[in-house]
Amino acid sequence: MTRSRDEIELDLPFLVNGTLDAEARAEIEAALAEDPHLAAEHEALAAIRSGMQAEDTKTPGEFGLARLMRDVDRQTARAADHRADAGGARRGVAPFRSRTTLWQAVAAVAVLGIVAQSYFLRPATNLEVNVAPAGYVLAGSEERGALLVGFAAGATEAAIRGLLLDAELEIVAGPSALGLYRLDVLDGADVETATGLLRSAEGIVESVENVRN
Amino acid sequence: MSENHHFLVQQVGQGDKQALAALYRAYERPVYRFIVSRLNDPHEAADILHEVFMDIWRVAASFEGRSQVRTWIFGIAYRKVIDAHRKRARVTVTDEVPETGDVAEAADAGFAAKQEAEHLRYCMGTLSDEHRSAVSLAFYEDMTCAEIAQIAGVPEGTIKSRLHHAKKLLLHCLSGRIRGRALA
C-alpha cells in the first residue's frame, strides 16, 4: 500500500463515482476490506450519491430553449444594427435603425438634398477626423476600463463595494465568461494607487491586470 | 461525444443557432441541476442557466479547446452562481464540523437516507457553496477530481479537502435528522 489511510479516505468520493484509475481503485478496495470504518464511510457516500442521482429535476426544457433562441435573435439583431451604425458613421452618413427612420431620412434628404450633399462630399477637416457621432460606438473602438480584475470566490458584494469605494473605482463591464470585471478609476483618481489597493486586498481580489499599460 | 461537443462549440462560434440549441439540449439538465443545487431557487437557477448559454453564444468563438467542453461550460456556471451569491450577499457557511456523532452511526443513517431525498436536500442546503459545488459535481455529474478542480479554479487537494468536510457535515446532518424523526 503506497498511500496513507487519510489519503485513501480523501479519495473515497472518487471511488464512489467511478472516476479512479484501476490501480487506485484496487488499492482502496483492498483497504476497505480491512477497515470497517472506511467501509462504512464508503457505504454512506454511495448512499448519498444514489439519493442524489435518483432526484428528479424539472428543468426549463423547451421553454428555456425558446427563451434562449429569442434572446440570441435579439442580440444578433442589435449587433447587426450596431455594425450598420458603425459602418454608416465611418462613411460619414447617418445610421438607419429601422424602415421608419430610413424613410424619414430619405424624406429629409429630399428636402435638404443639395445642402447635405455639399456637406458630405467636402473633404473632412482635421477636427472631424476620428470623431464619431454622439451615441454611436465605432467598430474596433477601445474597450472601457483600465483594470481587468478577478474577485475571490468567497468575497461578498459588501466587501467588494467597500474596496471599490476606497480605491475610487467603478465597474464598467463584466463579469465576462471568465468571471473578470473591467474597472475604471473615477474622475481625478489615480489608477496606480487604485491598483495598489486592489493588490493588497487579499481575500477579496484574486487577480489585477492593468490593461492600459 | 466530447469531439462532437467541441465541434458544436466551434459552430456556435460561427453564429450557428442550431448548434447552440444542440449544445443546450445536451447540457441543460446537468448544468441546471448543478445551479439549482447551489441556489435552492428554481426560478433564479433558470435565469442563470439562460445567462450561461447566452455567454456561450457570445464567447464560443474564443473557446480554444484547451479544456473539455463540459468543464468549460460548468466553469461558466460555477462563476455565475458565485456572482449570484454576491448579489444576494448571502452567507451560508457551516464549515465547522460538530464534534458530536459517531461516523459508523452516521454511516448507517446515511444508508437509511437513501430513501430520504427530503433529508438529503435539506442537509445539502446547510453546506457552504464551495462544499455544495464539490459534492454536486462529484455525485451528480460524476466528475474526476481534476475536472472539479479546473472548474473551481483550485488545486485538486482543495477539492478533496472540501469533499471530506462536506461528507462529515452531510453525515452529521443526516444522522441528526433521522434520529430526530425516529424519536418523534
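In chain A, Leu148(A) stands opposite Arg182(A), a residue of strand β3(A). The model is predicted: local features need pLDDT of at least 70, side-chain atom pairs count only at pLDDT 80 or more, and totals for chains, interfaces and linings use all residues. Residues are numbered from 1 along each chain as its sequence is written.

**The strands**

Strands are DSSP runs of E with at least two residues, helices are runs of H or I with at least four, and both are numbered from the N terminus. Two strands pair if DSSP finds at least two bridges between them. Strand β1(A) covers residues 147–151. Its two pairings are set out here.

| Partner of β1(A) | Residues | Bridges | Direction |
|---|---|---|---|
| β3(A) | 180–185 | four | antiparallel |
| β4(A) | 205–210 | five | antiparallel |

In the β4(A) pairing, Gly150(A) stands opposite Ser207(A).

How enclosed is β1(A)? Five of its five residues are buried, so the strand is largely enclosed by the rest of the structure. Buried means under 20% relative accessible area, with a 1.4 Å probe and protein chains only. In a regular strand, side chains alternate between the two faces of the sheet. On one side of β1(A) lie Leu147(A), Val149(A) and Phe151(A); on the other lie Leu148(A) and Gly150(A).

**The helices**

Helix α2(A) (residues 22–34) packs against helix α3(A) (residues 36–54) at about 115°, with axes 5 Å apart. Axes are lines fitted to C-alpha atoms over the stretch in contact, and angles run from 0 to 180 degrees between N-to-C directions. Ala31(A), Leu32(A) and Glu34(A) of α2(A) meet Pro36(A), Leu38(A), Ala39(A) and His42(A) of α3(A). Contact means heavy atoms within 4.5 Å.

Key. Chains lettered and ligands numbered in written order. Heavy atoms only, no water. Buried < 20%, exposed > 50% of the residue type's maximum accessible area, 1.4 Å probe, protein only.
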